[in-house]
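I opened this entry to keep track of what I looked up. The notes follow the order of my searches.

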Amino acid sequence: RSMYSSGLRPLLWSEQEYDRSGRGWHRTGENIFYVENSTRRKNGSNHYTLSFQVRFPHGNDTAFLAMCFPYTYTDLQRYLHAMDRLQLPFYKRDLLCRTVQNRRVDIIT
């Protein structure tokens with residue numbers, strides 16, 4: 001049994017909706033189906049297909065769909081900075097390296 005059959009719906013973020021009302025990510029979608037299809041994996045189990053209908057609220061908009069609320073690199077860095085400030089004896093963060101975009105890759109012990 002999937003979470004979609006229990007009411008889970010995709011998320012939508014619309015630039016125009018955000019600019020007009022401040023509304024960010026929100027659940028949307030109708031006629032949501034998550035069903036086993038006939039494509040087989042190498043181990044013999046089937047793949048599944050997710051289908052749904054979405055009505056976009058505005059024309060000429062930039063919109064994004066997601067299956068869960070996005071957790072960004074910035075979200076992670078804010079959380080880790082908050083953890084740093086707590087100065088917990090069992091938490092230590094060090095810089096392991098940087099990505100080609102010069103982003104931190106931390107090691108946490």
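I searched the whole structure for salt bridges and found five. I counted a salt bridge where a side-chain nitrogen of Lys or Arg lies within 4 Å of a carboxyl oxygen of Asp or Glu. Side chains of opposite charge can pair when their charged atoms come close.

The model is predicted, so I kept local features to pLDDT of at least 70 and side-chain atom pairs to pLDDT 80 or more, while totals for chains, interfaces and linings use all residues. Residues are numbered from 1 along each chain as its sequence is written, and side-chain values use heavy atoms, with hydrogens and water left out.

**Entry: the network.** I noted that Asp84, Arg93, Arg104 and Asp106 are linked in a network of salt bridges. In one of these bridges, aspartate 106 meets arginine 93, with the closest N and O atoms 3.0 Å apart. This pair links distant parts of the chain, as aspartate 106 is in strand E7 and arginine 93 in strand E6, 13 residues apart. I took strands (E, at least two residues) and helices (H or I, at least four) as DSSP runs, numbered from the N terminus. Aspartate 106 also bridges to arginine 104, where the closest N and O atoms are 2.6 Å apart.

Are aspartate 106 and arginine 93 buried or exposed? Both are buried. I used buried for under 20% relative accessible area, exposed for over 50%, and partly exposed for in between (1.4 Å probe, protein chains only). Aspartate 106 counts as buried because its relative accessibility is 19%. Arginine 104 is partly exposed, at 26%.

**Entry: helix H2.** I found a salt bridge between the side chains of aspartate 75 and arginine 78 (4.0 Å, N to O). The two are three residues apart in helix H2, so about one helical turn separates them. Aspartate 75 is partly exposed at 26%, and arginine 78 is exposed at 55%.

Tyrosine 79 is also in H2, which covers residues 73-86, and has a relative accessible area of 46%.

**Entry: positive phi.** Which residues did I list here? Glutamine 87 is not a glycine, yet has a positive phi of about 50 degrees. I placed glutamine 87 in the loop between H2 and strand E6 (93-98), and it is exposed, at 69%. Asparagine 102, not a glycine either, has a positive phi of about 65 degrees. Asparagine 102 lies in the loop between E6 and strand E7 (104-108) and is exposed, at 52%.
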